[in-house]
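Subject: Structure handover

Hello,

Please find the structure below, followed by notes on what was found in it.

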Amino acid sequence: MEQDNIIRMNHPLVLHKISRLRDVNTGTNEFRKLVSEIAMLMGYEALRDLPVEEISVTTPIEECMTPALAGKKLAVVPILRAGLGMVEGILALVPSAKVGHIGLYRDEETHIPHEYYCKLPDAIEERTIVVVDPMLATGGSGSAAVSFIKKHGGKHIKFLAIIAAPEGVKRLMEDHPDITLYVGTVDKGLTEQAYIRPGLGDAGDRIFGTI
């Protein structure tokens, strides 16, 4: 599983906040804040290679050339609905980023993902694309989302998942070896119902209080 394009986030703050997410006693408000904070910490690492260009800025002292983000910048694409919880954290870093959405639902028996919505920013082929979903379980939804983005012309794709199962990591990276995966932690595996164990339950339900 160790590959150059699989980045595990071993920062103490990320690991601590994931532990708080796991706790069944963590309420909706705190859970939502933690997801956003973890997304921001992961985004800081994932966006370290954004392209920059030198621009002229006048300081109170003198004019100088200084780096600024270049080109079409960033597109954040959450996988609905749990991925929405990570968007604010990324936008805190890059407020000018465009936001797309991919809607998938998983068949409860076959666990196969089905698309019901896909809307991406313009000039998607020129942007760095950050796909966000708190959980990477079987990898089916994540792989399908990346495939949809590629069909629309997306090329520079990063995937951020807070908690992943080994099965999901394997599936996503086998299907899309050209992307980079940033993951907070990799858990033991999946239950018979395809939930990550020990995991944190249903991220969407816990983010939106629909348990």
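**Notes on the model**

Ala123 sits in the loop between β7 (113-119) and β8. The model is a predicted one, and Ala123 is listed here for its backbone: its phi is near 50 degrees, a positive value in a residue other than glycine. Ala194 is another such case, with a positive phi near 70 degrees. Ala194 belongs to the loop between β12 and β13, and it is buried, with a relative accessible area of 7%.

Two cis peptide bonds should be noted as well. One joins Leu80 and Arg81, with omega at about 0 degrees; Arg81 is in the loop between β4 and α3. Another joins Arg197 and Pro198, where omega is also about 0 degrees. Pro198 is placed in the loop between β13 (196-197) and α6.

**Strand β11 and its partners**

β11 is mostly covered, since seven of its seven residues are buried. It pairs with β1 (residues 6-8) through three bridges, and the two strands run parallel. Within that pairing, Arg8 has Val183 of β11 as its bridge partner. β10 is also parallel to β11, and six bridges join them. Here Lys158 is partnered by Thr180 of β11. Between β10 and β11 the chain passes through helix α5 (residues 166-175), and this β-α-β crossover is right-handed.

Thr185 counts as buried because its relative accessible area is 19%, and the cut-off is under 20%.

Asp187 is buried, at a relative accessible area of 9%. Its side chain makes a polar contact with the side chain of Arg22, at 2.7 Å. Not counting residues up to four places away in sequence, Asp187 touches Arg22, Ile163, Ala164, Pro166, Ile196, Arg197, Pro198 and Gly199. Arg197 and Pro198 in that list are the pair joined by a cis peptide bond.

**Helix α1**

The buried residues of α1 (residues 12-22) include Val14, Lys17, Ile18 and Leu21. Viewed down the helix axis, the buried residues of α1 fall within an arc of 105 degrees, so they line one face of the helix. Pro12 and His16, on the other side of α1, are exposed. What does the buried face pack against? The elements are α2 (28-46), β10 (156-164), β11 and α6 (203-208).

**Nonpolar cores**

The largest nonpolar core has 34 residues, of which Leu21, Leu74, Val132, Leu160 and Ile162 touch the most other members. At least two residues of this core come from each of α1, α2, β4 (74-80), α3 (84-93), β8 (128-132), β10 and α6. α2 supplies the largest share, seven residues. There is also a second, separate core of 28 residues, and Leu120, Val131, Ala144 and Phe148 are among them.

Leaving aside neighbours within four places in sequence, Val132 is in contact with Val76, Val77, Pro78, Ile79, Gly83, Met86, Val87, Ile90 and Leu160. Of these contacts, Met86, Val87 and Ile90 are also listed as buried residues of α3, together with Gly85 and Gly89. The cover over the buried residues of α3 includes α2, β4, β5 (98-99), β8, β10 and α6.

**A hairpin**

Elsewhere in the chain, β2 (residues 52-58) and β3 (residues 63-69) run antiparallel and are joined by seven bridges. Glu53 has Ala68 of β3 as its bridge partner. The two strands form a hairpin, with four residues between β2 and β3.

Regards

Key. Residues are numbered from 1 along each chain as its sequence is written. This is a predicted model: local features need pLDDT of at least 70, side-chain atom pairs count only at pLDDT 80 or more; totals for chains, interfaces and linings use all residues. Side-chain values use heavy atoms; hydrogens and water are left out. Buried means under 20% relative accessible area, exposed over 50%, partly exposed in between (1.4 Å probe, protein chains only). The arc is that of the directions from the helix axis to the C-beta atoms. Contact means heavy atoms within 4.5 Å. Two strands pair if DSSP finds at least two bridges between them. A polar contact is a pair of N or O atoms within 3.5 Å; within protein, one must be able to donate a hydrogen and the other to accept it, and residues adjacent in sequence count only if both atoms are side-chain atoms. A nonpolar core is a set of buried Ala, Val, Leu, Ile, Met, Phe, Trp, Tyr and Cys residues joined through side-chain atoms within 4.5 Å. A crossover is right-handed if, with the strands pointing away from the viewer, the path from the first strand over the helix to the second runs clockwise.
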